[in-house]
Amino acid sequence: MENGASSDGKDPSAFLGEIIGAPVTVKLNSGVVYKGELQSVDGYMNIALEKSEEFVNGKLSRSYGDAFIRGNNGLLRLT
């Protein structure tokens with residue numbers, strides 16, 4: 001992999017642009033999980049979700065309309 005490109009040759013920012021609106025799962029370093037619809041991701045991997053839900057220890061804790069997660073707090077996964 002050169003210049004940070006993925007193995008299939010896609011630019012990560014182009015890929016992230018393609019999945020806007022897709023359901024994603026974000027796991028925080030603390031273990032708390034957020035699931036929702038991806039609305040935006042910036043260069044610092046800050047993530048904005050809509051229709052989001054918070055799961056603590058695998059159980060639904062809260063439902064939010066919108067959630068903003070700082071990039072240094074979590075790991076983005078596609079669901």
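N46 is found in the loop between β2 and β3, where strands are DSSP runs of E with at least two residues, numbered from the N terminus. In this predicted model, local features need pLDDT of at least 70 and side-chain atom pairs count only at pLDDT 80 or more, while totals for chains, interfaces and linings use all residues. Residues are numbered from 1 along each chain as its sequence is written, and side-chain values use heavy atoms, with hydrogens and water left out.

With a relative accessible area of 15%, N46 is buried (buried means under 20%, exposed over 50% and partly exposed in between, with a 1.4 Å probe and protein chains only). Its side chain reaches the backbone nitrogen of G71 at 2.8 Å. Setting aside neighbours within four places in sequence, the contacts of N46 are S40, V41, F68, I69, R70 and G71, a contact being heavy atoms within 4.5 Å.

Strand β3 brings us to the next pairing. Nine bridges join β3 and β4 in the antiparallel sense; two strands pair if DSSP finds at least two bridges between them. Within this pairing, E54 has R62 in β4 as its bridge partner. The two strands form a hairpin with two residues between them, and N57 in the turn has a positive phi of about 55°.

Side chains of opposite charge can pair when their charged atoms come close. The count here comes to one salt bridge, defined as a side-chain nitrogen of Lys or Arg within 4 Å of a carboxyl oxygen of Asp or Glu. The side chains of E37 and K51 meet in it, at 3.5 Å from N to O. Because E37 lies in strand β2 and K51 in strand β3 (residues 47-56), the pair ties together parts that are 14 residues apart in sequence. E37 is partly exposed at 22% relative accessibility, whereas K51 is exposed at 60%.

Aromatic rings also feature. A search of the whole structure finds one aromatic pair, a term for rings of Phe, Tyr and Trp (its six-membered ring) with centres within 6.5 Å; planes under 30 degrees apart count as stacked, over 60 as edge-to-face and the rest as tilted. Y34 and Y64 form this tilted pair, 6.5 Å centre to centre with 35° between the planes. The pair links distant parts of the chain, with Y34 in strand β2 (residues 33-41) and Y64 in strand β4 (residues 59-69), 30 residues apart. Y34 is buried at 12% relative accessibility, and Y64 is partly exposed at 28%.

Key
Helix = DSSP H or I, 4+ residues; strand = E, 2+ residues; numbered from the N terminus. Polar contact = N/O pair within 3.5 Å; in protein donor to acceptor, adjacent residues only side chain to side chain.
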